[in-house]
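Student: I would like to learn how to read the features of a protein model, one step at a time. Could we go through them together, beginning with the backbone?

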Amino acid sequence: MLHTLKFQSQAVAKPYFIFALILFAGQVLFGSILGLQYVIGDFLFPAIPFNVARMVHTNLLIVWLLFGFMGAAYYLVPEESDVELHSPKLAMWLFWIFAIAGVLTILGYLMVPYASLAKLTGNRLLPTMGREFLEQPTVTKIGIVIVALGFLYNIGMTILKGRKTVINMILMTGLIGLAVMFLFSFYNPENLALDKYFWWWVVHLWVEGVWELIMGAILAYVLIKITGIDREVVEKWLYVIVGMALITGIIGTGHHYYWIGPPPYWKWLGSVFSALEPLPFFAMTLFAFNIVNKRRREHPNKAATLWALGTALVAFLGAGVWGFLHTLAPVNYYTHGTQITAAHGHLAFYGAYVMIVLTIISYSMPKLRGIGESNSNRAQIYEMWGFWLMTLAMIFITLFLTGAGILQVWLQRLPEDGQALSFMQTQDQIAIFYWLRSITGGVFLIGVATYFVSFFVGEKSEVTEVAVAANS
């Protein structure tokens with residue numbers, strides 16, 4: 001086998017990436033089921049009710065991204081620190097604990113009524129269940145904390161005994177923040193306004209706070225590797241982006257507080273600082289394209305370069321532009337909870353986090369498989385077809401959901417004097433957008449399949465090349 005890894009312990013990232021991709025496929029599949037249930041109400045009922053499909057869809061999203069982040073850390077931290085991973089065995093133990101817990105939790109959602117699952121898992125002893133995105137049983141949440149602590153210990157000890165780079169420090173800060181913010185999922189007050197206040201400390205401060213540090217660190221690492229640009233140049237950009245992201249993201253949490261009871265000043269703080277949140281994403285776009293234009297080498301992995309540039313641009317569109325569209329309080333008053341929110345959520349999650357995990361997988365997997373710096377040209381063509389099918393499909397999904405949301409506001413929330421339609425009447429009027437969304441969701445599924453095919457294209461020729469290299 002042709003070894004191309006700088007450190008042998010980087011190989012522990014491979015099972016994390018493979019399992020992440022399997023869960024990604026499951027998430028997309030359940031997303032397609034949800035899309036059809038919007039227009040065919042009894043589709044797969046009662047086997048998979050809408051609430052269960054949605055719970056599985058969102059939970060798979062979170063879990064597969066966490067597997068992706070962990071795999072990224074296990075791959076890049078040893079190379080950045082210039083030492084072997086502290087404990088590859090611990091990394092593999094944590095992988096199996098997390099994978100088994102995740103699978104059992106998803107099976108629990110699908111096979112046991114949620115109320116029964118809460119009783120079965122002892123939720124009454126420490127009530128944490130029943131909240132959107134945080135539906136996991138308490139025992140699963142405890143397992144996640146144990147895995148996170150073991151993971152942080154492993155990564156932290158590796159960094160402590162090796163080189164301390166800006167990328168490592170920012171990545172570690174983001175990972176620590178991810179673990180700390182998750183602890184608020186255990187705080188479940190009876191007062192609904194108070195519950196929502198602190199619920200956003202997990203959900204918002206993850207996706208618009210510490211996860212952005214993780215994304216920035218991974219993107220910077222990949223860009224350094226594929227362009228050959230001086231590390232100092234990338235690090236200066238990274239400091240600016242991370243600084244803006246933290247300031248705007250943390251205070252911008254207030255855009256979730258408009259209508260749940262906190263003091264009125266949150267309307268101003270939330271509006272102003274969340275309106276500034278597109279700036280770090282715009283800076284990230286300039287940063288990525290600028291670095292690639294000034295590259296000192298032509299890296300053979302063209303697909304990884306495409307994913308890196310796509311991450312920066314689509315993250316700016318989804319998190320920045322579509323976030324800004326409805327972030328100001330006077331606008332959010334009408335749009336909150338409509339399909340405009342869904343449009344923003346889909347494009348932002350795909351651009352910022354799905355694509356960055358696929359970027360590091362695209363860059364690292366050829367080395368993890370012993371192929372070299374890149375897959376064969378034929379495999380890369382399939383991978384890039386997958387990129388374009390998924391990305392364009394997601395953009396159209398976003399546009400259709402935006403159209404549905406605008407019409408929803410117009411029919412349901414703006415009319416006065418009793419002329420507004422009811423929720424269900426409005427849904428009937430915008431059903432055409434849901435059908436279009438389902439069709440483009442099918443295209444996205446084809447894109448995922450095409451992306452997966454890229455891992456199996458050209459394997460025979462690659463084996464031949466490896467054998468020749470080994471004999472020579």
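Student: In which loop is phenylalanine 133 found, and what is its phi?

Tutor: The general idea is that most residues other than glycine have a negative phi, and most peptide bonds are trans. In this model, which is a predicted one, phenylalanine 133 sits in the loop between α4 (114–120) and α5 (138–160), and its phi is positive, about 75 degrees, although it is not a glycine.

Student: What is the phi of leucine 44, and where is its place?

Tutor: Leucine 44, which is not a glycine either, has a positive phi of about 65 degrees, and its place is in the loop between α1 and α2. With a relative accessibility of 36%, leucine 44 counts as partly exposed, because that value falls between the 20% limit for buried and the 50% limit for exposed.

Student: Which two residues does a cis peptide bond join?

Tutor: The cis bond joins phenylalanine 45 and proline 46, and its omega is about 5 degrees. Proline 46, like leucine 44, belongs to the loop between α1 and α2.

Student: Let us turn to the domains. How many does the assignment give, and what are their bounds?

Tutor: The domain assignment of the protein chain gives two, namely domain 1, which covers 1–164, and domain 2, which covers 222–458. Their C-alpha centres lie 21 Å apart, and the contact takes 31 residues from domain 1 and 33 residues from domain 2.

Student: How do I read the size of that interface, and what area is buried between domain 1 and domain 2?

Tutor: The size of an interface is often given as the accessible area lost when the parts come together. Here the area buried between domain 1 and domain 2 is about 2,700 Å², and carbon and sulfur atoms give 76% of it. As for polar pairs, three residue pairs in polar contact are found across the interface, with both residues at pLDDT 80 or more.

Student: Which elements give two or more residues to the side of domain 1 that touches domain 2?

Tutor: They are α1 (13–39) and α2 (50–81), and α1 gives the most, with 14 residues. Sorted by class, that side of domain 1 has 22 nonpolar, five polar and four charged residues.

Student: Now for salt bridges: how many does a search of the whole structure find, and how many are counted between domain 1 and domain 2?

Tutor: The general idea is to look for a side-chain nitrogen of Lys or Arg within 4 Å of a carboxyl oxygen of Asp or Glu. The search of the whole structure finds nine salt bridges, and the count between domain 1 and domain 2 is two.

Student: With which residue does lysine 225 form a salt bridge?

Tutor: Its partner is glutamate 79, and the closest N and O atoms of the pair are 2.7 Å apart. This pair links distant parts of the chain, with lysine 225 in helix α7 (residues 192–227) and glutamate 79 in helix α2, 146 residues apart. Lysine 225 is partly exposed at a relative accessible area of 21%, whereas glutamate 79, at 8%, counts as buried.

Student: Where are arginine 297 and glutamate 373, which also form a salt bridge?

Tutor: Arginine 297 is in the loop between α10 (278–293) and α11 (302–325), and glutamate 373 is in the loop between α13 (339–368) and α14 (377–413), so that the pair, 76 residues apart, links distant parts of the chain. Their closest N and O atoms are 3.2 Å apart. Arginine 297 counts as partly exposed at 30% relative accessibility, and glutamate 373 counts as partly exposed at 31%.

Student: Which residues are linked in a network of salt bridges?

Tutor: The network links Arg295, Glu298 and Lys302. Within it, the side chains of lysine 302 and glutamate 298 meet at 3.1 Å, N to O. Lysine 302 is partly exposed, with 40% relative accessibility, while glutamate 298 is exposed, with a relative accessible area of 53%.

Notes. Residues are numbered from 1 along each chain as its sequence is written. This is a predicted model: local features need pLDDT of at least 70, side-chain atom pairs count only at pLDDT 80 or more; totals for chains, interfaces and linings use all residues. Side-chain values use heavy atoms; hydrogens and water are left out. Domain bounds come from an automatic or database domain assignment. Contact means heavy atoms within 4.5 Å. Buried area is the accessible area (1.4 Å probe) that two parts lose on being put together, summed over both. A polar contact is a pair of N or O atoms within 3.5 Å; within protein, one must be able to donate a hydrogen and the other to accept it, and residues adjacent in sequence count only if both atoms are side-chain atoms. Helices (H or I, at least four residues) and strands (E, at least two) are DSSP runs, numbered from the N terminus. Ala, Val, Leu, Ile, Met, Phe, Trp, Tyr, Cys and Pro count as nonpolar, Asp, Glu, Lys and Arg as charged, and the others, Gly among them, as polar. Buried means under 20% relative accessible area, exposed over 50%, partly exposed in between (1.4 Å probe, protein chains only).
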